[in-house]
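Hi everyone, thanks for making time. Let me put the sequence and the model up on the screen, and then we can walk through a few spots together.

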Amino acid sequence: MAIIDLTGNFEGERFSPTFKREGIPLKSARTKYTGVVYTITCDGMSGSYIDFPGHIAETDDGMDAANCPPESVFRVPAAVIHLDKRSGDGPVSGAELAAACPVTEATEAIIINALAAPLGCRDVVPRSVYLDASAVEWIIERKCKLLVSDIYESKALEGVFLKLFAAGVKTVCRTVSLYKITAPQVKLTVLFPKMPGVTQLPCRVIAEEE
């Protein structure tokens, strides 16, 4: 079994995360030491992050980081699609995804590695490779509820996330090393703090190859 960490560095979209480190002296008749605690400030798009449908107000289905069923993000069967796109290649269609998908039966999750190895989403012109309407329809028709992809929306803002969220699909963005997955299907785990009311937050992303 191989464990592949798909988590990007903890960097912010709008501002860099900050960490305040504080030492707390602790003492009793038996011992003495200093506890270390942190105050962390970051935005929801720091590093790799998960979006629930409620990230868009119009598609909010009430699911958040606290009430999300654990089984929907823990060791979920995921089909893995590899393409070979480079910066500026434009739309990816549903037909392309279908042709490249090695798993015929529907899976609860899909991983789309559209960009040529070793490129990641930060290595190409933003939104210059993207899912078109037919690709979104194909993902939804496959009954996918958890999508990890290195491409999503175009510069024209065509409603990729709106359509996915309306269908109840959770999305994970800003992952790395998708090209390292070699199996056609993996077990996918997305880990995050249990935070009531939060519909977008940083996460850890793990692929497990049998």
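Let's start with Ser48, whose side chain comes to 2.7 Å from the backbone nitrogen of Gly8. That is a polar contact, meaning a pair of N or O atoms within 3.5 Å; within protein, one must be able to donate a hydrogen and the other to accept it, and residues adjacent in sequence count only if both atoms are side-chain atoms. Before I go on: this is a predicted model, where local features need pLDDT of at least 70 and side-chain atom pairs count only at pLDDT 80 or more, while totals for chains, interfaces and linings use all residues. Residues are numbered from 1 along each chain as its sequence is written, and side-chain values use heavy atoms, with hydrogens and water left out.

Where does Ser48 lie? In the loop between β3 (32-41) and β4 (49-51); strands here are DSSP runs of E, at least two residues, and helices are runs of H or I, at least four, numbered from the N terminus. Ser48 counts as buried because its relative accessibility is 1%. Buried means under 20% relative accessible area, exposed over 50%, and partly exposed in between, with a 1.4 Å probe and protein chains only. Leaving aside neighbours within four places in sequence, Ser48 is in contact with residues including Leu6, Thr7, Gly8, Cys173 and Pro202, where contact means heavy atoms within 4.5 Å.

Next stop, Thr199. This residue is in the loop between β11 (185-191) and β12 (200-202). A polar atom of the Thr199 side chain lies 3.3 Å from the backbone oxygen of Gly54. Thr199 is buried, at 17% relative accessible area. Beyond four places in sequence, the contacts of Thr199 include Ile50, Phe52, Gly54, His55 and Met63.

And then Ala116, in the loop between β7 (109-115) and β8 (129-131). Is Ala116 buried or exposed? Buried, with a relative accessible area of 2%. Its C-alpha atom is 6.7 Å from that of Leu83, 33 residues apart along the chain. Ala116 also touches Asp84, Lys85 and Arg86, again leaving aside neighbours within four places in sequence.

Now let's zoom out. The protein has three helices and 13 strands. Buried residues make up 48% of the 210 residues. Among contacts between residues at least 6 apart in sequence, 76% join residues at least 24 apart.
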